[in-house]
Amino acid sequence: MAEKVIVSGGTPLSEDDIRSGKIFFTEDSLDCAYAWDTGVAINRYLAELKKGKIIATECRKCSRIMLPPRLFCELCFVPVDKWLYVQDTGIVNTFSICHVHWDATRIKEGEKPHLPAVIEIDGASKGMGIMHLLGEVEPEDIKIGMKVKAVWKPEEEREGSITDIIYFKPL
Amino acid sequence: MRKVAIVGAGLTKFVRRALETPKELSFEATSTALDSCGLKLEDIDCVAHGSAPDAFDGIHQKGEYLADGCGGWNKPTMRVFVGGATGVHAIIHGWHHVASGMFDTCLVVCEEKMSSAMPHAQGFFLTIFDAITERALHPNLLWIFALEMNRYMSRYGYTKEDMALAAVNNKRNGQLHPSSQFKDEVTVEDVLNSEIMAYPVSRLDVSPVSDGAAAVVLAAEPVARRLTDKPVWIEGVGWTLDTAYWGTRDLYYPRYLDKAARMAYEMAGIREPAKQINIAEPYDPFDYKALHHMEGLQLSPRGKTVELLRDGHFARDGNLPMCPSGGLLGVGNPIAAAGTMKVAELFWQLRGEAGERQVPGNPRLGVAQAWGDLMQVSSVVVAGI
Ligand SMILES: [Zn+2]
């Protein structure tokens, strides 16, 4: 059977079309500002980070020790009120070596690539990972399964933020 | 529930930056879809449309803005948005309208114009990360894909070359698609030599940003049979959402898709999807995602997907062609529109109307899937003739 007409419109524009004034455009920019309350569970998490400790919550029903800590177990859908400290060590579950900024522009020549990772924290249930950064390691030496430890900001510089841990370094 | 068929489909070209506004793009795709089945807007009972976050366009309540271009004037019109899964989810949304008996016909229209956001639409995805525990680390959207890709590859010992094979498969198929924004053939070497963005993701592992729209017409059985002798039936639908704590799941397997796929197959009476499905349109914003999703769709055994790909199993003339449209990698990725394009591809392929792209052997059953948010949502549609 013959192919029907199935495509119409979607006229490609080039940078030149815009620069030459053939195509008009208008511009605006939105400046959106927000201040988020940290909530019950995360507020405690951040308060403990400020003290140099990582705290988790445990579900009394499924016994998962959860990070980040939460006020309810999303699997069992029950309230959670058991708090416990976990280690500031863990293993690299997965990682990336990132050479671009969010807008796809490349990092500067000589600038170190960003090293995001999912780190399974010791003392939490198996597979409980948090996203953080790696440091004090050459990118080519990073391995999945590698043991790492948190590098904390000096106490006086901590402010109750996930960035109170600067990064995780190989143990 | 009533039987629902796809009776028409239309697309715009997918381009990096389109002259047309979102509304104009929607109009083009919608009117093409109506023409394709000989209907007028007055024959349409309701509209189900989908498009990405308002922030992309900088237009608040974008669904209301778009409605005119989707034929929504003075009709029951409802927008869905579930991130990247929107394009397939909008079909499910429209299916509900007709299957319920509430309406006999429904236009499903998805549109995306990613080029308006400056300097790059990706910026608006950054707000997907947890505001308190993740955004303070200044994440980049690519991170989650790179983290997932690395986990997937390392779990099975796959290489970057293995992943590049999927990009080449889809991009080759896309060369034949009339909406494709690409002209040049891409080889495995091209993918491997493209600059590294966030290891293991290189530039050609990723689909582009695009502008475009896609539309399909759905009809209840009696209407569908009157309109065409080849209605394409929606035989199964499924969708599920996994937890937003993405760091606490093992990313090597798309659990968010497993249940959605099983739900759709059960409804369609499919017991052995890998044997019964003839064409697959897994969601492929990245090359590894096509393979990852073939596993989640139960179309390939976990960890055996690269082997099957290398054996030609997923080629256009293989046992189970993967992304015969070309997918997001081969046609383009105007997010919501790309998912609907996949369903439109099933429509044309199952009717034998895909021209040069036609999969041989009279395919009878196809599956299309899209995925969105923090490795969370999946929407699946099984279509058959
Ligand atoms: Zn629980």
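Two strands pair if DSSP finds at least two bridges between them, and strands themselves are DSSP runs of E with at least two residues, numbered from the N terminus, just as helices are runs of H or I with at least four. Everything I show comes from a predicted model, in which local features need pLDDT of at least 70 and side-chain atom pairs count only at pLDDT 80 or more, while totals for chains, interfaces and linings use all residues. Residues are numbered from 1 along each chain as its sequence is written, chains are lettered from A and ligands numbered from 1 in the order in which they are written, and side-chain values use heavy atoms, with hydrogens and water left out.

Let me start in chain A. Strand S6 (residues 89-95) and strand S10 (residues 147-152) of chain A pair in the antiparallel sense over three bridges, and within S10(A) it is Lys149(A) that stands opposite Thr89(A). These strands belong to an open, antiparallel sheet of five, in the order S9-S8-S6-S10-S11 of chain A, whose edge strands, S9 (129-133) and S11 (165-170), each pair on one side only.

Chain B comes in here, since that is where helix H5 (residues 142-156) belongs: this helix lies across S6, S8 (116-121) and S9 of chain A, at about 95° to S6(A), with axes fitted to C-alpha atoms, for helices over the stretch in contact (heavy atoms within 4.5 Å), and angles from 0 to 180 degrees between N-to-C directions.

Finally, the cysteines: the whole structure has zero disulfides, meaning cysteine sulfur pairs within 2.5 Å. For Cys110(B), the nearest cysteine sulfur, that of Cys70(B), is 8.4 Å away.
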